[in-house]
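Colleague: I have the sequence and the model open side by side. Could you take me through a few questions about them?

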Amino acid sequence: MKNETEDNEQNTIKSLLENEEKVITLTAENIGNLVLKRCSAESKNKVAFRGLTCDKELFPTVLRKLPDNVSNYAELREYEIKLYEDYNRYSIQYLPYYESLADWIASAQHYGLKTRLLDWTYNPLVALFFAINNEKNENDSYILATDVKYTINEFFYFRETTDEKDEYTYKRKWQMNKNLDWIDCLTDIISYNDNPKNTVRKIDFSKNIKQKGNICFLETNDANPRIIAQEGFFQLCRFPLNEAYSTTVKDIKLHMIEEIRNNVKCIYVIPKESKADLRKSLNEMNITTPKLFPDLGSICKFINSKTFDLSEAAWKR
């Protein structure tokens, strides 16, 4: 019962609603207003959308339901890199060779591995689908909207190289670990060899993410049908390490909440009473499971969940 209660918590989300100027209530009658919000009128930036219902969905999956022995940054990073190392080892026989580290970690996210990537979409109706795509209407749902101010499409390359560069498994682990160490750390505690060699991108990242606190979005190649269908891309979540190296998991989550609070320009509230009508509206616009999850497993699951009219009149039509 405790876990079920925690899974349904909305305390953090509701705290984001205190700024009433950012809050818009969404119903079937004004759904058209959502469709028009793909580009920011003020900045001309694209707008990112994320649909969610509970607090845990504010965080990437690697921060959810952590093992009992993971409570600080060092333990979290050890846990995280072990996940990637095992995925790299076991996935070789199933995946194509990804030259791009970004495409590789996106594949892990796609197949359900816990990662620090958080799914966003450029299509507000897709975000609405994920916000209300369940039959449980006990709680309101929400869509977060923010300007896309900074994106990368690949990770960084470093001056130093691996000593065992010919060993594929070790090389992939080294690349991922090196990138995440640098992304998380403050620039003034990183040695020369631990800095990326692509200097312009390094400076750009530090200015936009580490100093200004913008959200870092990761755009990958169209490596699988779901990303294409959902107009999807990712937030590359940063777990900032303080100068004393004493960051806790709680500190990391508080940082992420503040990052969202500072970046989100609009929050759409979807009243629980409106969900059924909005699901019908999305169905009429073909924003459905077969459309967004174009594979046979998802389609069969969708068919099984449908309620069929088995009356004699229905069969005669």
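Modeller: Glu231 is found in the loop between helix H9 (225–229) and strand E7 (232–236). Keep in mind that this is a predicted model.

Colleague: What is the phi of Glu231?

Modeller: Most residues other than glycine have a negative phi. Glu231 is not a glycine, yet its phi is positive, at about 50°.

Colleague: Is Glu231 buried, partly exposed or exposed?

Modeller: Buried means under 20% relative accessible area, and exposed means over 50%. Glu231 has 28% relative accessibility, so it counts as partly exposed.

Colleague: Which loop holds Lys65, and is Lys65 buried or exposed?

Modeller: Lys65 lies in the loop between E2 and H4. Its phi is positive too, near 50°, and it is a residue other than glycine. Its relative accessibility is 62%, so Lys65 counts as exposed.

Colleague: Which residues is Glu57 in contact with, leaving aside its neighbours within four places in sequence?

Modeller: Glu57 has its place in the loop between E2 and H4. At 21% relative accessibility, it counts as partly exposed. Its C-alpha atom is separated by 8.8 Å from that of Leu118, although the two are 61 residues apart along the chain. The contacts of Glu57 are Arg50, Leu52, Arg64 and Leu118.

Colleague: Why is strand E8 largely enclosed by the rest of the structure?

Modeller: Look at both ways its residues point. Cys266, Tyr268 and Ile270 point one way, Ile267 and Val269 point the other way, and all are buried. E8 is largely enclosed because the buried residues number five of the five.

Colleague: Which residue of E8 is the bridge partner of Ile24?

Modeller: Strand E1 (residues 23–25) pairs with E8 in the parallel sense, over three bridges. For Ile24, the bridge partner in E8 is Tyr268.

Colleague: And which residue of E8 is the bridge partner of Ala145?

Modeller: Here the pairing is with strand E4 (residues 141–147). E4 and E8 run antiparallel and are joined by five bridges. For Ala145, the partner in E8 is Cys266.

Colleague: Which element gives the largest share of the largest nonpolar core?

Modeller: That core has 36 residues, and Leu63, Leu76, Leu144 and Phe239 touch the most other members. The elements that give two or more residues to it include helix H4 (73–91), strand E3 (117–121), helix H10 (249–263) and E8. The largest share is five residues, and it comes from H10.

Colleague: How many disulfides does a search of the whole structure find?

Modeller: Cys54 is buried, because its relative accessible area is 7%. Cys300 has a relative accessible area of 43%, so it is partly exposed. For disulfides, the search of the whole structure gives zero.

Colleague: What is the volume of the largest cavity?

Modeller: A search of the whole structure finds one cavity of 30 Å³ or more. Among the residues that line the largest cavity are Asp147, Tyr150, Phe217 and Asn263. The volume is about 30 Å³.

How values were computed. Residues are numbered from 1 along each chain as its sequence is written. This is a predicted model: local features need pLDDT of at least 70, side-chain atom pairs count only at pLDDT 80 or more; totals for chains, interfaces and linings use all residues. Side-chain values use heavy atoms; hydrogens and water are left out. Buried means under 20% relative accessible area, exposed over 50%, partly exposed in between (1.4 Å probe, protein chains only). Helices (H or I, at least four residues) and strands (E, at least two) are DSSP runs, numbered from the N terminus. Two strands pair if DSSP finds at least two bridges between them. A nonpolar core is a set of buried Ala, Val, Leu, Ile, Met, Phe, Trp, Tyr and Cys residues joined through side-chain atoms within 4.5 Å. A disulfide is a pair of cysteine sulfur atoms within 2.5 Å. On a 1 Å grid over the protein atoms alone, a cavity is a set of points where a 1.4 Å probe fits but cannot get out, and a pocket is an open set with protein on both sides within 12 Å along at least five of seven lines; lining residues have an atom within 4 Å of a point. Grid points are joined across faces, edges and corners, and a volume is the space filled by probe spheres set on the points. Contact means heavy atoms within 4.5 Å.
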